[in-house]
Amino acid sequence: MSTAAIPGAPLPVRTPGSRARGRHRRPERPEIPTGSPVLLLAVPAAAGPESRSVVEELLSIVRSEQNGVQTAAGYLPAHGAEVGAERTVAELLDEAAEAGLPTPVIVPLVPGPHDFLTDLYALAAEYGAPVTDVLGPHPLLAEAVHVRLSEAGLARADRARLFAIATAADGVVLTTVGGQAAADAAGITGMLLAARLAVPVVPAALDLPGSVAAAVAHLREMGSQNPALAPLVIGPEADSELLATAAEESGCPSAAPLGAYPTVGQLIASTYLATLPAVDFEAQAAEAGDGAAEPSGGRHAAQ
């Protein structure tokens with residue numbers, strides 16, 4: 001259930017999952033412990049039709065993956081935002097503190113290094129909020145990129161299928177955003193993708209001038225005749241014009257961004273779950289309950 005469904009609610013309420021029945025039902029995932037913090041998805045973009053659609057679908061996947069998880073999405077501030085529009089990360093952290101709720105666990109919606117992380121870490125430190133690792137590198141991201149390439153007709157969906165695709169790429173530039181640090185980090189996912197496709201994969205940064213062109217040139221020097229671009233981009237973290245410009249200037253076909261591919265939602269859920277043992281919910285609740293009598297002295301101590 002989203003916050004929009006409960007007017008005035010600072011954060012979403014727990015939505016219990018339904019149990020499958022039958023001999024061949026899917027194994028039940030462990031329930032989220034009572035009092036667990038909200039999974040706060042930090043979106044590196046202002047709320048808009050495109051980013052909102054991807055985020056809402058990803059959170060729906062997260063809730064279907066993990067029974068009882070509470071979710072919320074925090075966007076970057078936007079000029080001229082209407083009252084009642086989607087909340088920012090800072091607003092959601094404020095609302096949790098004012099309501100005496102456990103500090104949310106922040107999951108950055110990026111596959112690797114990104115410029116917005118510096119400000120996010122600083123903001124989280126002010127509230128004492130835990131921030132998980134970014135979502136990559138990970139084999140599930142390589143799977144998602146592979147599927148997007150196959151959907152664009154640039155790769156076989158399954159290596160076991162021995163039919164040829166005339167438009168299949170014989171080299172892939174794995175494009176990301178976040179400068180050279182992001183390109184370097186994407187190299188690991190690139191190796192996993194290369195193993196799946198059996199073609200060379202070279203990472204490049206869309207926001208680093210000349211990076212994509214250099215990667216394409218490198219593939220051609222290696223003998224690639226039909227290089228293609230494969231965005232290691234979920235969507236909200238990258239300007240869509242960067243993707244279009246890279247494809248136009250390189251003359252290479254491009255797959256679509258990962259978007260709300262199911263494995264991205266699975267990664268969000270597993271990244272959050274991995275943080276829970278390190279978060280002392282009971283201590284947070286006790287501190288919130290005693291805050292009126294014994295201020296903690298921090299920025300959000302009880303007044």
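Two strands are taken to pair if DSSP finds at least two bridges between them, and strands (E, at least two residues) and helices (H or I, at least four residues) are DSSP runs numbered from the N terminus. The structure is a predicted model, in which local features need pLDDT of at least 70 and side-chain atom pairs count only at pLDDT 80 or more, whereas totals for chains, interfaces and linings use all residues. Residues are numbered from 1 along each chain as its sequence is written, and side-chain values use heavy atoms, with hydrogens and water left out.

An open sheet is formed by three strands in the order β2-β1-β3, with parallel pairing. Because β2 (71-74) and β3 stand at the edges, each with a single partner strand, one side of each is left without a neighbour in the sheet. Direction ignored, neighbouring strands of this sheet are turned by 30° against each other on average. Four bridges join β1 and β3 in the parallel sense, and leucine 40 stands opposite isoleucine 106 in β3. Helix α1 lies across β1 and β2 and runs at about 155° to β2, while α3 packs on the sheet, touching β1 and β3, in a direction that makes about 180° with that of β3. Here contact means heavy atoms within 4.5 Å; axes are lines fitted to C-alpha atoms, for helices over the stretch in contact, and angles run from 0 to 180 degrees between N-to-C directions.

The axes of α2 (residues 89-98) and α3 (residues 116-127) come within 11 Å and cross at roughly 10°, so the two helices are roughly parallel to each other (angles under 35 degrees count as such). In this contact, Val89, Ala90, Leu93 and Asp94 of α2 meet Leu120, Leu123 and Tyr127 of α3.

Leaving aside neighbours within four places in sequence, leucine 193 is in contact with Ala142, Val145, His146, Leu149, Val172, Leu174 and Val201.

Threonine 175, found in strand β4 (residues 171-176), counts as buried at 1% relative accessibility, where buried means under 20% relative accessible area (1.4 Å probe, protein chains only). Beyond its neighbours within four places in sequence, the contacts of threonine 175 include Ala204, Leu206, Val212 and Leu229.

Technical notes. Buried means under 20% relative accessible area, exposed over 50%, partly exposed in between (1.4 Å probe, protein chains only). Angles under 35 degrees count as roughly parallel, over 145 as roughly antiparallel, 65 to 115 as roughly perpendicular and the rest as oblique.
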